[in-house]
Amino acid sequence: MEMNREKLCASKADVSSDSAYHCSTCHDDEEWSNTSRGRAKSRSLSASPALGSTKEFRRTRSLHGPCPVTTFGPKACMLQNPKTIMHIQDPASQRLTWNKPPKSVLVIKKIRDASLLQPFKELCVYLTEENNMIVYVEKKVLEDPAIANDDNFGPVKKKFCTFREDYDDISNQIDFIICLGGDGTLLYASSLFQGSVPPVMAFHLGSLGFLTPFNFENFQSQVTQVIEGNAALVLRSRLKVKVVKEHREKMTVQNGIEENGVVSANIEKEVGKQIMQYQVLNEVVVDRGPSSYLSNVDVFLDGHLITTVQGDGVIVSTPTGSTAYAAAAGASMIHPNVPAIMITPICPHSLSFRPIVVPAGVELKIMLSPDARNTAWVSFDGRKRQEICHGDSISITTSCYPLPSICFRDPVSDWFESLAECLHWNVRKKQNNFAVEE
């Protein structure tokens, strides 16, 4: 059965809140409702005059690839599933295109890194003066004395639109993202977008990692190709995490931030319960925290208890996160195109518990075991760390909002090359250490 491939799009289109989207290739009669994205907070953007009417722009949710063949033989077929999250497609077909030329770009720079100042300035000058782009920069980046006191950079800096994390909602104003640094900068970019994520172009300017395929030497030609829509994409799945806590004490809100540092807009309060939601790119880590006792947590799969983890904790990771903490804990490395969730124990007490790979569509739930002697702690991509007590629960499933990462060549080649480079780099580092010791 021949199928027209649906182009992967990133656009800024005016869309009313009650409109619906149709995927004609995948579901002829299915409607995708437009849900509210981002954090509902008062804006404090210091926008330049060039910003114009960016508040009116909304990007469409158009990150669904074409359906695979669902007919088998002359009569058998697969029943249409309206709950489908991600479709598997040929990685070579994952190409970037634009409904309209991109106009706004978010530049994320690693904080407190002097080596990134010159690349950051060169990139911003190129985007604003050569391409007439609207550049968004986090306010604390411009507070660096080396940038604030640079008179030559002043005219460019005045054109920036600045924002503050957890205060300003920029989710519907960014066409694509450029990261300068290591893998942590891309993780940070993911955390800024709790809904649909713009395409991300990551330059390798930090420690060696898997998520930053571009070198900065030829950034002009590479950025131009992205702006012209000549680039490949890899859709990195994210985890949708819901933490339900028993409400134990009254919490006050000041300037939109709770006393424990959690953004109040992401909190729904029910009778006696507190619900927080997160979008996670790498992993959710549940550990024993400062306690000297082993953690003791129950892991449920679609409502069924599959195991009780006794040890230092458990890691629930995406394929992207399989090369991070999970790999250090002994898990396999999974290509980001594989739709899966991996469960990895951290120093398990039981020798029979090994890493488990489950389909992306399942729902995991993690709770403290009734006989647990201490509480547990949970973190999301290394952030928002908080305590989990008896009666609390963590629900995890694959998010319908993946992170579209722009590739240097193609999704397969980039991953295997980064794998080889990281493994060879570790070998060379060990050899150098041995040479120094001798």
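Predicted model: local features only at pLDDT ≥ 70, side-chain atom pairs only at ≥ 80, totals over all residues.

Student: How many bridges join strand 12 to strand 27, and do they run parallel or antiparallel?

Tutor: Strand 12 and strand 27 run antiparallel, with five bridges joining them.

Student: And how many residues of strand 12 are buried?

Tutor: Strand 12 spans residues 232–236, and five of its five residues are buried. Ala232, Val234 and Arg236 sit on one side, Leu233 and Leu235 on the other, and both faces are covered.

Student: OK, new topic. Which residues of helix 6 are buried?

Tutor: Helix 6 runs over residues 219–227, and its buried residues are Phe219, Gln222, Val223, Val226 and Ile227. They take up an arc of only 140° around the axis, so they end up on the same side of helix 6.

Student: Why would residues a few places apart point the same way?

Tutor: An α-helix has 3.6 residues a turn, so residues three or four places apart point the same way.

Student: What covers the buried residues of helix 6?

Tutor: Several elements do, including helix 1 (117–130), strand 10 (176–181) and strand 11 (200–204).

Student: What follows helix 6?

Tutor: Glycine 229 follows helix 6, and its phi is positive, near 80°.

Student: Switching to charges: how many salt bridges are there in the whole structure?

Tutor: A search of the whole structure turns up seven. In general, side chains of opposite charge can pair when their charged atoms come close.

Student: What about aspartate 312, which side chain does it meet?

Tutor: Aspartate 312 meets arginine 288 in a salt bridge, 2.8 Å from N to O. Here too the pair links distant parts of the chain: aspartate 312 is in strand 20 (residues 304–317), while arginine 288 is in the loop between strand 18 (283–287) and strand 19 (295–301).

Student: And glutamate 138, what does it form a salt bridge with?

Tutor: Lysine 140, with the closest N and O atoms 3.7 Å apart. Glutamate 138 counts as buried because its relative accessibility is 8%, whereas lysine 140, at 40%, counts as partly exposed.

Student: How many disulfides does a search find?

Tutor: Zero in the whole structure. As for individual cysteines, cysteine 161 is buried at 0% relative accessible area, and cysteine 179 also counts as buried, at 0% relative accessibility.

Student: Last one: where does threonine 397 lie?

Tutor: Threonine 397 lies in strand 26, residues 393–398. Its relative accessibility is 15%, so threonine 397 counts as buried.

Student: Which residues is threonine 397 in contact with?

Tutor: Leaving aside neighbours within four places in sequence, threonine 397 is in contact with Arg238, Leu239, Lys240, Ile341, Ala360, Gly361, Val362 and Glu363.

How values were computed:
Residues numbered from 1 in each chain as written. Heavy atoms only, no water. Buried < 20%, exposed > 50% of the residue type's maximum accessible area, 1.4 Å probe, protein only. Helix = DSSP H or I, 4+ residues; strand = E, 2+ residues; numbered from the N terminus. Arc of directions from axis to C-beta. Contact = heavy atoms within 4.5 Å. Salt bridge = Lys/Arg side-chain N within 4 Å of Asp/Glu carboxyl O. Pairing = 2+ DSSP bridges. Disulfide = S-S within 2.5 Å.
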